[in-house]
Every structure is written in structure tokens, then in C-alpha cells.
Amino acid sequence: MKIANARVIVCSPGRNFVTLKLETADGLYGLGDATLNGRELAVASYLTEHVVPLLIGRDARRIEDIWQFFYKGAYWRRGPVTMSAIAAVDTALWDLKGKALNVPVYQLLGGASREAVRVYGHASGESIEDTLAAVGRYRDRGYTAIRAQCAVPGMAKTYGIGRTDAYEPAERGALVESVWDTSRYLAIVPVLFERLRREFGPDVQLLHDVHHRLTPIEAARLGHALEPYHLFWMEDPTPAENQESFRLIRQHTSTPLAVGEVFNSIHDCRLLIQEQLIDYIRTTVVHAGGISHLRKIASLAELHSVRTGSHGATDLSPVCMAAALHFDLSVHNFGIQEYMPHSTDTDRVFPHAYTFAEGMMHPGDAPGLGVDIDESLAVTFPYERAYLPVARLTDGTMHDW
Ligand SMILES: [Mg+2]
């Protein structure tokens, strides 16, 4: 099973995706997602210029050795560009191994630990009433866990608020700047969740994403204020470059904490996990070194009663979504999976075996990951530069987005 060819495919069926396709001398191929939202071409270049030439001729069966070769062998370790590139190679190799052995990837990972994977959807609105209506729509579609975000009065644009239920956070063309006001945000969020609990009762799981906007003590105050409404989690309450800042939040609130969608290695969350400063680790297949490395993070987390809750917005291609579902189905300490359905064009470019029903997903039983790429259709959607927005405080100071 020697790797005979490797190619990077960049396309934009509604948003940009970077896909690695590995082909073996015996005619099999495997796919890996390498999409890094807003910095897509950096990973495409890293793969094409530096990784692909070193892949040709390698034995595709040696997944762990190839992972270590690209991690230790680069000398320059970690970082989102490097780890997304390694993730793409790793994911494609798991896909290849599954196809070679004619089994779905989750069977190679120890088999299913559950019947299906619970996912949560994104409900949002320009007002509390709109958000209540959006949560109702998600519940009607079968979701049992729903993230709720509400526009902040007086702020022109709030993160996570879509014009429709199917929104795309990255914007094509000019970079968008939004304004952030912490006081107004902290005033409205507890009101929103008080209404949501009153309207929908105790059974629906409610989640909220703070998107790294608060200081640790502000996050502690919000977590404490939300305790009566029993959130499933409060996500990204504060930036986590300093993992120790979560100690302060933890001292003040029993609201469960989730963080990690921007992490790219186990070293970004080691302290958070070992000291049980969080409840859910949100690292993803594509940004945290692939299935192989994510399993190591999950194993460390399992020792410390931390569960997985992987990032799953539309910046994951269907290749990563499939890989995530094989991982989710197999690890014992799975918690929940984020899910934003892709556009129709994306689903046409990436036909897939995974399914959604009643708030649950399953990767399917096709050999490998169960996802393909229609290359002739992909070329009809060329790359378009797009950025996530940025945020400034009302006085113009740059803030976390
Ligand atoms: Mg998030």
C-alpha cells in the first residue's frame, strides 16, 4: 500500500474547503480535510510544498509512524497550520485503511460505544422572542440539545446571529468589523436563558457560546448567573492561552465549561484536563492533528472525567464531519458533537454516508470514512477569499472575536 500520488484540492461550494487526496499504487484513495477558516491557502501551500513530496512512496498502513514523522520531523512543532496539515494526512490514512480492510473507520477505533452520536444545533435571533422561536424550530426538527445566542441590544452585529437558521460565519470579500459591549451582553444573557427554561422546560439541553469575549472574573459572574437555568455548557468563556485562568472561573460557578475549538495539540489543554478545570474539550479532528491525536486527547480526558464536545461548524468539510462522527461513535467519554448542516452545494461536492435523524447522527457503514469528493463539480466552485469578522470595543480597541 505505497502512496503513489497526493493532491490538494481547494474549492468553495458556499465556503472554502481544502482537501487532501492520497492515492495508493493499488488504486485506493483516502481523503483528509485541511480547512483552516480564513487561512485556507496557508495549509494548502504547507501540504503541497512541504508534505506531499515526503509522502510519496511511504507505506500508507503506517499511520502512527507517518504522524510522528510529520510532527517530530518538521522540527517546528504544533501551530494551527502544521497541525491541520498533519490532520489531513492522518485522516486520509484512516480512510485508506478502512477501505483496504473493507470496514468503517469506527470499527478500527474499537467499535461503537453507542448507537448514535448526539449533536447540538445553533439557534439564534435578533431579539429574545426571535431566539425563542428559533429554539422551537430546532426542537421541532428533533434536536434535543440547542445552542442559543441572542443579538445584544445596541450592538450592530453580534457573533453567532444568523439571518436564517443556516448561516455562514465567514464572510466573502471585505473583512467585517463588529463592535462589542461586555456590559450589555452580560445584562441580556441571563434574561434569555430564564425565558428559554420557562418556555421549554427542563428536558431540552441548552448551550451558550461566549466566544472568548470575557475576562475570567466576568465569565465567573456569567456562569454564576446562569446556574438556575442548568446549561449543558458555557463555551469559550475566556481565551485559553493562559490555561490557569480557568481556575478562577471554576472557583465561582458550577455551570459546566467547554473550551478548545482553536486548540491544536494536547499541550494546549493538558493543564485544563489534568486539573479538571473544564468539563468538555472541544478540539476537532482537522485542527488538532487528526483522528490519531484527538484519540490521545480523549484518553487523557477520560482519566479526569472530562468529556469530548468537538467543534463542528461549517468550517469543517464533510470529510472532517465524517471523521468526527467515527471518532465520536467510538470513544467512551464522548459528550456531544456540534453540527451545522452544510449548504446543498457542499453536500453535492462531498457525497457522504453520514445521516441525521431526531437530533442524532451516525457515520454510516461504508468502508473508510464514507465520504467522497466530486472533483469535476469541485472545480466549478473556485476559491474565494473570505474572513471571519473581527471585534472592537466601543472605543475602538481590538477585542477577541
Ligand atoms: Mg464556538
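**An exposed glutamate and its surroundings**

Author: Leaving aside neighbours within four places in sequence, Glu115 is in contact with Leu329 and His362, where contact means heavy atoms within 4.5 Å. This is a predicted model, in which local features need pLDDT of at least 70 and side-chain atom pairs count only at pLDDT 80 or more, while totals for chains, interfaces and linings use all residues. Residues are numbered from 1 along each chain as its sequence is written, and side-chain values use heavy atoms, with hydrogens and water left out.

Glu115 sits in the loop between α4 (105-108) and β4 (117-125); helices (H or I, at least four residues) and strands (E, at least two) are DSSP runs numbered from the N terminus. With a relative accessible area of 74%, Glu115 is exposed. The scale calls a residue buried under 20% relative accessible area, exposed over 50% and partly exposed in between, using a 1.4 Å probe and protein chains only.

Val331 gives a buried counterpart. Val331 lies in the loop between α11 (318-330) and β13 (337-338), and its relative accessibility of 10% counts as buried. Not counting residues up to four places away in sequence, Val331 touches Ser113, Arg114, Ala298 and Thr308. The C-alpha atoms of Val331 and Gly111 are 8.8 Å apart, although 220 residues separate them in sequence.

At the level of the whole chain, the protein is divided into domain 1 (3-103) and domain 2 (108-366), with bounds from an automatic or database domain assignment. Taken over C-alpha atoms, the domain centres are 26 Å apart. Across the boundary, 33 residues of domain 1 are in contact with 33 residues of domain 2.

One helix pair can be described in detail. Two packed helices are described by the angle between their axes and the distance between the axes. Helix α2 (residues 63-72) and helix α10 (residues 290-303) have axes that come within 9 Å and cross at roughly 90°. The axes are lines fitted to C-alpha atoms, for helices over the stretch in contact, and angles run from 0 to 180 degrees between N-to-C directions. This makes α2 roughly perpendicular to α10, a label for 65 to 115 degrees; under 35 counts as roughly parallel, over 145 as roughly antiparallel, and the rest as oblique. From α2 the contact uses Ile63, Glu64, Trp67 and Gln68, and from α10 it uses Ser292, His293 and Lys296. By class, these are two nonpolar, three polar and two charged residues. Here Ala, Val, Leu, Ile, Met, Phe, Trp, Tyr, Cys and Pro count as nonpolar, Asp, Glu, Lys and Arg as charged, and the others, Gly among them, as polar.

Thr283 is in the loop between β11 (280-281) and α10. At 3% relative accessibility, Thr283 is buried. Its contacts, beyond four places in sequence, are Gly260, Phe263, Ala288, Leu294, Ile297, Ser310 and His311.

In soluble globular proteins, nonpolar side chains tend to be buried together. The largest nonpolar core in this model has 116 residues, of which Tyr185 and Phe193 touch the most other members. Such a core is a set of buried Ala, Val, Leu, Ile, Met, Phe, Trp, Tyr and Cys residues joined through side-chain atoms within 4.5 Å.

Arg78, between α2 and α3 (80-101), has a positive phi near 65° and is not a glycine; its relative accessible area of 33% makes it partly exposed. Gln276, in the loop between α9 (270-274) and β11, likewise is not a glycine and has a positive phi of about 50°. At 40% relative accessibility, Gln276 is partly exposed.
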